[in-house]
Structures are given as structure tokens and as C-alpha cells.
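Me: I'd like to go through this protein with you, helix by helix. Could you take a look and answer a few questions?

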Amino acid sequence: MSAQQVLFDAPGPRARRVILIGNIVGVLIALAILWWVVAALAERGQLTGSMWSPFLESRTWQFFILPGLLNTLQAAGISIITAVAFGLVFGVGRLSNLAPVRWIAGTVVEFFRAVPVLLMMIFFWLALGRSGVVQPQDAPFIAVIIALTLYNGSVIAELVRSGVHGLPRGQREAGMAIGLTRSQSLRTIEVPQALVAMLPALVSQFVVILKDSALGFIITYPELLQYTRRLGVGEGNVIPSLLVAATIFIVINFALSTLATRLSVLLSFRAKGQKPVAREALAMDASST
């Protein structure tokens with residue numbers, strides 16, 4: 001019996017008909033909404049060739065789209081690296097056997113998860129700009145990175161903690177039984193397995209980082225949304241410019257999601273040929289003795 005059959009019963013003929021009708025109705029509603037949006041844009045002249053012709057010019061991509069996209073990817077890429085490092089440190093800290101370390105890590109994680117990322121961007125932008133620690137023109141970029149790191153790093157830390165707690169029982173005990181300390185078992189057995197298991201959720205958080213980088217335009221960071229808004233104001237085609245920016249974000253996020261799916265499948269496939277984990281290693285050691 002498969003896990004799917006254990007979790008719930010397979011739908012019968014009537015249930016399948018209801019599901020099919022629901023899917024058809026959902027598609028029709030989505031098509032109706034799309035038609036309404038397109039008709040409204042056409043009525044207001046937003047679909048005419050003159051509104052979209054600027055995107056056929058090289059200067060539009062050279063001075064607006066590509067610089068904004070580069071700044072967006074730069075802020076998102078750095079934030080992803082720092083958020084993962086932050087999440088691993090504080091995620092492991094929340095799993096420590098020392099109560100003070102767990103308390104400090106938990107307080108930091110819960111605090112930054114509760115604070116809106118836009119509020120943190122504004123706070124660090126104002127603080128850095130007035131402190132004189134960095135150049136005023138660099139304050140928006142650094143504020144975006146710090147805010148995205150703290151918020152998303154806290155979410156990743158919670159993913160690490162829940163991923164380790166979601167592992168099959170006995171992993172830590174088996175690791176300690178073959179001579180590993182608790183911290184060694186956590187680093188070499190539990191966290192690596194948790195990272196593989198939470199890979200889809202982790203990449204989903206990367207998508208969140210990429211999308212939240214667009215909030216940087218509020219603190220004058222020149223990312224893709226900021227550049228496309230400038231282009232739209234200058235050319236008088238704000239809506240087409242925003243639609244182009246949205247399309248670029250959708251393509252990048254879809255590529256990230258596809259990469260996560262393929263990577264998860266690849267890691268699962270390779271895991272079948274790897275050395276046994278702690279419990280299997282302990283069983284083999286016991287049988288040989």
C-alpha cells in the first residue's frame with residue numbers, strides 16, 4: 001500500500017467529476033479575469049504599438065532594464081548568501097544543548113521574523129545615512145542587504161530547526177553511539193539531511209528574497225522596479241513598463257523553482273547510492289561484532 005493510499009482514500013467517480021468541474025470553472029474564471037484586464041488595457045490605449053515600441057530599442061535595455069536587473073540580482077545574490085549563513089548559524093544555535101545559546105538564538109530569530117522587512121530597510125537606511133559609517137549613496141544598497149539577510153535568515157534558521165526535528169527518530173542517538181559528540185552528529189548527520197529535505201522550501205525563500213529586493217525602490221535603491229518606473233514616466237507607458245518588469249521577475253522565479261525541483265530529484269537519486277547514514281552504519285557495526 002502506498003503512502004498516498006494510507007493518507008487519504010482515492011477519489012471515486014463522483015469525486016473525480018466534481019474535481020473536473022471545479023478545475024474547468026477555475027480555468028474559465030481565470031480566463032474571464034484575463035480577458036477583462038486585457039480589454040481594460042486596450043480601452044485605455046495601453047496595448048498600442050507606441051506604448052511597447054521603446055522596448056524594441058537598445059537604449060531601453062542598455063540604460064534601464066539591464067542596469068536595474070543587474071542591481072536586483074546583485075542585492076538578491078548577496079542577500080541569499082548572507083541569509084543562508086545567518087540561518088545556519090542561528091538554526092544550529094536553536095538546536096544547541098546549551099540553554100543560554102538556545103535562548104539567545106531563539107530570541108534573535110523570533111524578533112527578526114516578526115519585524116516587517118520594509119521597516120528594517122527604512123530603519124537601516126536612515127541609520128546608515130546619518131551615522132557616516134558608509135557613503136550616503138551606498139546606504140540604500142547596504143540597508144537592502146541587511147534587511148533581507150536578517151528577515152530571511154531568520155526564516156531559514158527556523159527551516160533548519162524544523163528540518164532537523166522532522167528527521168526520522170534515532171539519527172542523533174545512533175551517531176552518538178558510534179562515537180560522535182552531539183555537535184558532531186548535528187553537523188555531519190542531521191543538518192546535511194535536513195538541508196536536502198528542506199531544499200524546496202529553501203529555494204522558495206530565495207524567490208522571496210528576489211521579490212522583496214523590489215522594496216528597495218522605496219529607499220531609493222535603483223533596482224529593476226525603480227528603473228522601469230523611471231522608464232514608464234519618461235515614455236508615458238508606466239503600465240507596459242511594469243508588466244515587462246513583472247515578466248522578468250516571473251521568468252527568474254520560475255527558473256529558480258525549476259532548478260530547485262531538478263536539484264531535489266538529483267540529490268534524492270544520488271542519496272540512494274551514498275553510504276548508509278548513522279542508524280544503518282550502527283546496525284552494520286553491531287552485526288559485524
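Predicted model: local features only at pLDDT ≥ 70, side-chain atom pairs only at ≥ 80, totals over all residues.

Me: What percentage of the residues in the protein is buried?
Reply: Buried means under 20% relative accessible area, exposed over 50%, and partly exposed in between, with a 1.4 Å probe and protein chains only. Of the 289 residues in the protein, the buried share is 34%.

Me: Among contacts between residues at least 6 apart in sequence, what percentage joins residues at least 24 apart?
Reply: Contact here means heavy atoms within 4.5 Å. Among the contacts in that set, the share that joins residues at least 24 apart is 73%.

Me: How many residues of α7 are buried?
Reply: Helix α7 covers residues 139–165. Its 27 residues reach 39 Å from first C-alpha to last, close to the 39 Å expected at 1.5 Å a residue; the expected span is 1.5 Å times one less than the number of residues. α7 is largely enclosed by the rest of the structure, because its buried residues number 20 of the 27.

Me: Is α4 parallel, antiparallel, perpendicular or oblique to α7?
Reply: Axes are lines fitted to C-alpha atoms, for helices over the stretch in contact, and angles run from 0 to 180 degrees between N-to-C directions. Helix α4 (residues 58–94) packs on α7 at about 40°, with the axes 6 Å apart. Angles under 35 degrees count as roughly parallel, over 145 as roughly antiparallel, 65 to 115 as roughly perpendicular and the rest as oblique. The pair of α4 and α7 is therefore oblique.

Me: In which hand does α4 pass α7, left or right?
Reply: A crossing is left-handed if the near helix is turned anticlockwise from the far one by less than a right angle, and right-handed if clockwise. For α4 and α7, the crossing is right-handed.

Me: How many polar residues are in the contact of α6 with α7?
Reply: Helix α6 (residues 117–131) and α7 pack at about 140° with their axes 8 Å apart, and so they are oblique to each other. Residues in this contact include M121, F124, W125 and L128 of α6 and A143 of α7. Ala, Val, Leu, Ile, Met, Phe, Trp, Tyr, Cys and Pro count as nonpolar, Asp, Glu, Lys and Arg as charged, and the others, Gly among them, as polar. The contact of α6 with α7 has 16 nonpolar residues, no charged ones, and a polar count of 1.

Me: What is the relative accessible area of A143?
Reply: A143 is found in helix α7. Leaving aside neighbours within four places in sequence, A143 is in contact with M121, F124, W125, L128 and I219. A143 is buried, with a relative accessible area of 0%.

Me: At what angle do the axes of α4 and α11 cross?
Reply: Helix α11 spans residues 224–235. Among the residues that meet are F63, L69 and N71 in α4 and L224, Y227 and L231 in α11. The axes of α4 and α11 come within 7 Å, and they cross at roughly 155°. α4 is therefore roughly antiparallel to α11, a label resting on that crossing of roughly 155°.

Me: Which residues does N71 touch, not counting those up to four places away in sequence?
Reply: N71 lies in helix α4 and is buried, with a relative accessible area of 16%. With those sequence neighbours set aside, N71 touches Y221, P222, E223 and Y227.

Me: Which residues does Q226 touch, not counting those up to four places away in sequence?
Reply: Q226 lies in helix α11 and counts as buried at 9% relative accessibility. Beyond its sequence neighbours, Q226 touches F217, T220 and Y221.

Key:
Residues numbered from 1 in each chain as written. Heavy atoms only, no water. Helix = DSSP H or I, 4+ residues; strand = E, 2+ residues; numbered from the N terminus.
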